[in-house]
Amino acid sequence: MISLTHFLVVSACIFCIGLYAVLAKRNTIMILVGIELMINAAILNFVAFGKYDKINYGGQVFALFAIVLAAASVAVGLALILNVYRHFKTINPQDIHELKD
Amino acid sequence: MLLPISPIIASILVMLFPLVASVLQAMLGKKAISGNMALIAILGSTIISLFGVFLPVWNSTSLQQKWEWFTIGDHTLHVGILVNNLTALMQLVVCVIALPVHIYSRAYMKGDSGIHRYWMYLSLFCFAMLGLTVSLNLLQLYIFWELVGFASYLLIGFWFTKETAAQANKKAFLINRIGDLGFLIGIALVYAHCGTLDLATLFNQTGFFKDIDIGLISSIDKNATWVTFAGLAFFLGAMAKSAQFPLHVWLPDAMEGPTSVSSLIHAATMVAAGVFLLCTVFPLFNETVLLIIVIIGTLTALSGALFALGQYDIKKVLAFSTISQLGFMMVGVGIGAWDAAMFHLTTHAFFKCLLFLCAGALIHEMTHWKAKAQLDFDPKDLRHMGGLRRFMPKTFICMVIASLSLAGFPSTSGYLSKDSIVITAYEWASHLGGAYVLIPILLIIISILTAFYIGRLILKVFFGSFKYRSHIKTIKFHEAPKAMLIPMVFLAAASLFPLFGLSLADYHSSWIMQTLDANTIYPTQAQAHLFIPALLTGGAILGWLVGWSWYVKKKYPLSENNRLVHFANKQGYLNEFNESIFVKGTLELSRILYIFDQYMVDGITKFFSWFVRGLSAAVYWFDKYIVDGLVNSFAQATYYIGHLVRHVQNGQLQGYLGFALTIVILGILYLIIT
Amino acid sequence: MNVSIPHILDQIIASVPLFKPELVLIIGFIVCIFTALFFEKRWKNSTFIACMVTLAFSLYYLIDQMPNTGTGFSGMWLVDPLSTYARLVIICSTLIIAIFLQQRHSKKNNGDVYSILLAATLGMHVLSSTSNWLMAFIGIEMVSIASYILVGYFSQNKVQSEAAMKYVLFGSVCAAVMLYGLSLVYGLTGNLDFQSAMHLQGLMDAPKAIITLALLFIFVGIGFKLSFVPFHVWSPDVYQGAPTAITAFLSTIPKVGAIVLFARLYQSWTSTAFYFSELSTWFIIGVAIVTMLIGNLAALRQQDVKRMMAYSSIGHTGLLLMAVFAYQDAFSYLLFYIVAYVVMNLASFIFIDQIEQQTGSTSLLSYAGLGKKMPLLFTAFTLVAVSLIGIPPTVGFVAKLMVFTSTFSFFQSSGDTGVLVMLIVGALTSVISLFFYFKIPLYAFLRDTDQPVAVKKQISVLLCIAYTLTILVILFGIFPNWLMAYLSTSFS
Amino acid sequence: MTIESLLFYAFACMAIVSALLLVNIRNTARALFLLFIVLFAMAGLYLFALADFIAITQILVYVGGVLILLIFAFMLSNKELLNDLQSTSKHFISLPNWQALVLAFAFLGVMVYSYISWSQHMPQWIAQSEAKGSIILPTDNNIKALGFKFMTQYVLPFEIISVFLMMALIGAAHVSRKEDDI
Amino acid sequence: MGLLSILIFLPLVATLLILAIPSSAKATYKYIALCFTLLQFGISLYLYGNFDAKLGGIEQMDAYQYVEQLAWIRMDLGTVGKLEIDYFIGIDGISLPLIVLSTLVMLMSVGASWNIDKSPKGYFALLMILNMAVMGVFSALDFFLFYVFYEVMLLPLYFLIGIWGGARREYAAIKFFIYTLLGSVLMLLVIVGLYFSVINPATGAHTFNMLHMMNPANYVDGSFFAHITNYHEVFGIPARLIGFIVLFFAFAIKVPIVPLHTWLPDAHVEAPTPVSIILAGVLLKVGGYGIIRVCYSIFPDIAANTNWWLALIGVISIVYGALNALAQKDLKRMIAYSSVSHMGFVLLGIASLTAEGLAGAMFQMVSHGFLSAALFFLVGVLYDRVHDRYIYNFRGLASLMPKYTAYVAIAFFASLGLPGFSAFIGEAFVIIGAFNAESMSTGIPRWMAVGGSIGILLSAAYFLWTLQRMFFGQTRLQGGQAWQEALTDLNTREQVVLFPTVALALLLGIMPSLVFGNLNASVIQLIDLIKPYL
């Protein structure tokens, strides 16, 4: 039997890696990838906890919804990134700073 | 009852006539240049004052009437009229002085472009001064008190295009303001402790001033600190108005006004208001305050006399003389002989007014002559005059009478009143003993000095020879016109003793002294009545002789040549030498003191005004850069923080994320650790 | 499967009446997609009309539903007066936004925008009428993604696409973090209904470290939606970059849903005296203070009106948080503040847009001297600005007063110094806000310009709406009880 | 150590290591390939939590949908971009951005610390579920249960998510249209 | 609708009328404004004439006159309780003189606005709104209502200064606004606090009614501003003290006191003449009125304990303002600083807590109201002609403009407290009251009274200096011949505006009972309210 903590630690690792990708990568698509990693970490948590929730299936249901939501947001995000590329000819977030104080 | 109206109504009428005249003239503006209105008003006032107020009231009855003015809290203030010996006398004096001055002014001010203002101001002044005399309420008194100051301001600055006049009236008003503050503080203290400002309630001035211990004031501990302060505050008020040292600096400058104004306001009436005030609130003073009054009075008298010695401007001599005489009156109040002070006030009003009017006549003629002769000199300067008695004999006679009166020559009114002060001072001093004796001694010296400087003036102006003799043949020098001479003659007559009493020498028998008669606690000393007048008269004559030899015979001791001649001619060399050293020393002292006065006392005034200006500039700097600067820098700091906040907003997406998440992790760490 | 299926289905069908307005929205959404596909080419405004009709029907059913309260769909759907009124506000403002979009972006092929708008409205409805984390998260994501799309929808230029990109990435990260936090909360409680006793019990038992982590992660997501500090950074860029109509949308409606959700959450979480309750309380106080300060201070230096309004709405978020903080069981003034806020913001964005149409710029500098040319517009704009500052006799003042009032009553009963500091900061920041709000009349009336601006005289529907809103701002300012009586009678 | 835990560790290691590689690699194409591995490994981990349907969905939706979408997007954003990104990758592994690294480690530290502190003190509801036996067993028919739940208890979110997906679809389609369409 | 309401809302009608009339008929605006202000003045005189001077007011509801009370806002806030806001207006002896003053000053300012030609529509509309707010502030008895009117005053002023002002108008306008708003938002917090501390004894609900706030019996036990027993403390300071200080701060900005005065010179200098008139004539009075009506009446216990400090601030303001005025080279700035000094007397008088001081302070407010209005008008006359106010640029104006000089001299002397004019009564009674304070043991030492009287001296200094510098001497002007021609004497309109103020100054100086009569009962009432705490 794998203890909950195992799952949690793995999810923490994945989450932080995703976080690092979000913060450090100089490529917008990679930022999206990082977000996907973070969402996956959360899903891992949900399913890990969901094992104990047979009555409501809350964890697994939430995990499923999360996957769908993540997919949709990736779709929209990619569309917008493509849009940005059309205007800026780059997807490096550091070069996209028309709007600032 | 000489007039079918009560003295209260009469005294109100006396006040109102000039007010109506003033308002009418203000409304008419330039159309009212004749001064008839003012003249009629003051004539009416004089008549009513004499027959309707003075005669019924004097030595017989005392009346008061009050009307509710307004209520503050539980206290109701009244306005009212108080007619008693003191106020009726004062009112009459003002009227009687004002009338000749009005007549005189018609000639003197003729042709001035601002004459309509002159009459308006003059009437305003008369109203204020007459109102001041009969006020029942201290606050009411204060109002008139300031109003006379205001009228004086207007009149000093009558020729406002003259820079010096504009400066002088400002100075006069400001220095008077200092005194006014004192007065106001005094009022406030009295109000705070007695709850009323009604003179009748305070001092119970129903009849004579003798019963000073009947009113509300009797229930007060006279040695309380506040009484001292209140007394000093009132005295401060009187000091400024009556030009007491060191607040006298405004008076010589005030001579920038027309001479007729100087005679009325700055010699006879307004400046005496301080003395009048002190007499009115006399019961309030305790020993300490009275002593201070004496000291200041003596100091003023001395300094005034000394300064008068060295002046060349005829009006300034008279101005310092006024200061000196006011000092005498103050001493009179201070020693408790306020009756003597009032007496001197009355006599002084006549002869000093006359002196000024004569001086005015001289200046008037000098100016005219100067204009005709197309010369350029200061018509007020003594050094340009001389030998004028031949051209203006009537003026000469009038002026001599006034001068004798000032010098305290027997048979003049001045002799009586001055003696009364000096003798009483002597009695007072001998009663107290010790260093107090210094006061009468000083007073005697001052009297002699007075005789000397007024003699100097007369001699310089009327004797000797006219400086511009060469011109005199082509252009005639006139006697003063009739309109000016009549008032002068009238005043000259009033400067002689008969007006005040039948006795030539005994001031006690004069009617003013008999009626007012302050209760003095010290015994009279018969011998003083003898030797002091003798001393004074003798001194005066001596002074004139010296003056004669110096100014008429041109044996001026300071001139190198003449002194050698003296040295050769006189046997009593030592005597002469001593005298010249003494006299010269006095003169030198006078000069030095005048310089001191100009540069120190007046300098202090100037320094003070400079200091206040500097302070105000500094305060403004502080306000602009520190107070406001603080506000502005606070605003700027807010702005700058706003700027700092914007640093986060650098447009970098990952920067934003990093910022937000850093805060989150810091928050988590903080919360976990605590 | 111990519960019989027919029974459950009966329950679901019984719940449907509570869901009617949303049902209308869903149907309208589909209709809009079809009209956009098939009729848009022939009849330009067909989608718009469909959208309006949908909203109108939804509004009708909402009003119809007014007295009803209850829960449905196995506790997923919660209808109470708060949610009803919040949805009312949402629908009404969506109507205005729809008109705004139609007026501004009526070119062909833009029909889809209305269906997205309707979807967003649905998302907000979900947010405002649920106490279930699953629904809440779906609602948040729905609103977020609809907003991303709306911002990037027109993408006419660089800034718009940049704004959309920043928005989507920042939002997704925040959503991911929140999701992670939700997973932890789920782990702690085993229950997704944050009002349920089991949920609270789980939170009470949890150790400090993990609960801190979970709660703060959740607040990240909500913070993004409400744009309070430090999750406000996206909003100036996005507000500035987005088309004005969309900015008007962003600054008002999503906040309504989010604040209602947050209010419910806060209410249930602070009903106990455990660590997580204190944490929430301190969090909200601290964040409210910092948000008010930062929002108003940063706005001082702005030269772009839209950007300035972004900071202004950040500042108002602080006040909204204060309202939430003081929200105990009477939320009428929370709603009042929301209404006031929505009315003011919509009006000001319409004004900004109108000026932008005339001058082609949203820079404050371009406002110089316009006051004389458009006196009515700028007078109204100034009145709205006055209301935003919170000066009587405007609705902004009454709203602020009520927030202060309720916060003060809280302070008086608790004596907590932090609350007092919050009050004082709230008061002081409204002074600071004066500086930047009054730049508008300052430039418009007090400055003169060299360049003559040709102003076209036109009466547009939008302006009429804006003027109506301005009148409302004043009317509700003088007679707040007209609105308040309406809001509160149904609660008592 | 049972086979189960060994497998778990293997999947966990695979996920973490490839995720690490993923974020440190320069080449985007390779990174996306690594993502595939990560997601696959994650799906494996879900299985250990007895969430078989989730695992399948993960592979279907993510690997079959999202990843393909990402690669498409990557391809669509034209060739210059590809070259641009590749040309900068002088090194196989890029140097980390230290602030991001610090932040990520801080988060990791806090999370791991709190999980470990939590492990002594598992939530009551889990214990109650264990006691009541209401935990999912490997033998349970998860898919059926889920399907039932979706149509009953979770019918509302299910409905709404359909609208949501539709909206996302339309929106994404609209936004990614070519410029000349707009 | 009572007379008082008509008085308040007449200007609103005027505003609507002005807005309704198209700009082509812009000449009518000023006549409309004039008509309405005249009407208002008439109403205020009627109020004055029918005022029962025996009724005290202050905290006694039934002693107020022309009272109107309507339920305005009733809101149920759940646990917070019911919000009870009334449209509650009425006047007592404190507000009556100020209302009459305000209508007069408004009339003057309309008279001074005759030559406004820069968008007159907006100008007169704003002026009328300001007018309404001012009337409202002086008659409101509900704190909420008071606050609403108080704030509404700001906006028109901001625009009046900002649009029709001088060169640095933006700075001045925003500075004015910020200062006042800073005070008022903090005041809002105290209002809220008071609201929670006070209940209406009749209904048991919390209330904004100021009169209820003045009665200690209405305070809820243990509430934030509860009376002496079991009071709250914030940072170790009693809550009531804080409340008092905050309210005082808000009103002190308006008065203004040093060091919160710096908005005043800027606002005055930049404001157009009519606005300066209103600022000096009415708005500063709002501060003094607020201190009496709000600070002192609601917090009598604190007032009795803090009056030493207040008096000190008053004295500092007097001397500091006067010194600043002395240093000014801009005529308008000088008068602005003189306002600071003169309003210091108001504070000193109020702080003296004696009937004399309080009545003097009220009198000083009234007197300063129209005198400063006259002064600013006179500056405006000069500025209209040559667009310069620099004192050193003028010399010997008396020969050139004799009537003008006469008015200036009268106004100056009246302001510097020449007896016979109204300012004297005010200042003298403030000083007397301050002296009296020691006898009444209200805690004001005498040196403060003396310090205050130094202000009288200094005021004479700067006024006389200006008079001498600008008007006396030989005519010498910076602008040469052009100025000489431009500087014509007063015209009829200007005289019509000026004469009544001068006459009034004289009238009130001679018959102060015109003001004191109606004031006295209220002042005694206020003293009685405070006395128990001394």
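Trainee: Chain E to start. Do α13(E) and α14(E) lie roughly parallel or roughly antiparallel to each other?
Mentor: Roughly antiparallel. Angles over 145 degrees count as that, those under 35 as roughly parallel, 65 to 115 as roughly perpendicular and the rest as oblique. Keep in mind that this is a predicted model: local features need pLDDT of at least 70, side-chain atom pairs count only at pLDDT 80 or more, and totals for chains, interfaces and linings use all residues. Residues are numbered from 1 along each chain as its sequence is written, while chains are lettered from A and ligands numbered from 1 in the order in which they are written.

Trainee: What's the angle between helix α13 and helix α14 of chain E, and how far apart are their axes?
Mentor: About 170 degrees, with the axes of α13 (residues 331-352) and α14 (residues 355-386) 8 Å apart. Axes are lines fitted to C-alpha atoms, for helices over the stretch in contact, and angles run from 0 to 180 degrees between N-to-C directions. Helices (H or I, at least four residues) and strands (E, at least two) are DSSP runs, numbered from the N terminus.

Trainee: Which residues of α13(E) and α14(E) make the contact?
Mentor: From α13(E), they include E:Leu331, E:Ile335, E:Phe345 and E:Ile350. From α14(E), E:Leu358, E:Met365, E:Leu375 and E:Phe376 are among them. Contact means C-beta atoms, placed from the backbone, within 7 Å. By class, there are 12 nonpolar, nine polar and one charged residues. Ala, Val, Leu, Ile, Met, Phe, Trp, Tyr, Cys and Pro count as nonpolar, Asp, Glu, Lys and Arg as charged, and the others, Gly among them, as polar.

Trainee: And α6 of chain E, how many of its residues are buried?
Mentor: 11 of the 11, so the helix (residues 154-164) is largely enclosed by the rest of the structure. Buried means 20 or more other C-beta atoms within 10 Å of the residue's own; 12 or fewer is exposed, in between is partly exposed, and C-beta atoms are placed from the backbone. E:Tyr158, E:Phe159 and E:Trp164 are among the buried residues of α6(E).

Trainee: Over to chain C. How do α17 and α18 pack?
Mentor: At about 160 degrees, axes 9 Å apart, for α17 (residues 395-414) and α18 (residues 417-437) of chain C. α17(C) and α18(C) are therefore roughly antiparallel. Their crossing is left-handed. The contact includes C:Phe404, C:Phe408 and C:Phe411 of α17(C), and C:Leu420, C:Met422 and C:Leu423 of α18(C). It divides into eight nonpolar, four polar and one charged. Left-handed means the near helix is turned anticlockwise from the far one by less than a right angle; clockwise is right-handed.

Trainee: Which residues of α9(C) and α11(C) meet?
Mentor: C:Ile222, C:Lys225 and C:Leu226 in α9(C) meet C:Pro254, C:Lys255, C:Ala258, C:Ile259 and C:Phe262 in α11(C). That contact has six nonpolar, no polar and two charged residues. The crossing is left-handed, and the helices pack at about 145 degrees with axes 8 Å apart.

Trainee: Chain B next. Is B:Thr322 buried or exposed?
Mentor: B:Thr322 is buried, because there are 30 C-beta neighbours inside 10 Å. It is found in helix α13 (residues 314-334) of chain B.

Trainee: What does B:Thr322 touch, beyond residues up to four places away?
Mentor: B:Leu251, B:His266, B:Ala267, B:Val271 and B:Lys352. The C-alpha atoms of B:Thr322 and B:Ser242, 80 residues apart along the chain, are separated by 9.2 Å.

Trainee: In what sense do β1 and β2 of chain B pair?
Mentor: Antiparallel, over nine bridges, between β1 (residues 63-72) and β2 (residues 75-83). Pairing needs at least two DSSP bridges between the strands. B:Gln65 has B:Ile81 in β2(B) as its bridge partner. The hairpin has two residues between the strands, and B:Gly73 takes a positive phi near 60 degrees.

Trainee: Last topic, interfaces. Which chains share the most contacts?
Mentor: Chains A and D, of the eight pairs in contact. There, 70 residues of chain D are in contact with 58 residues of chain A. By class, chain D's side has 54 nonpolar, 13 polar and three charged residues.

Trainee: How many residues of chain B are in contact with chain A?
Mentor: Nine, with eight residues of chain A. Helix α24 (residues 653-673) of chain B gives the largest share of chain B's side, four residues.

Trainee: How far from chain E are the closest C-alpha atoms of chain A?
Mentor: 24 Å, and no contact joins chain A and chain E. No contact joins chain D and chain E either, with their closest C-alpha atoms 33 Å apart.

Terms used:
Contact = placed C-beta atoms within 7 Å.
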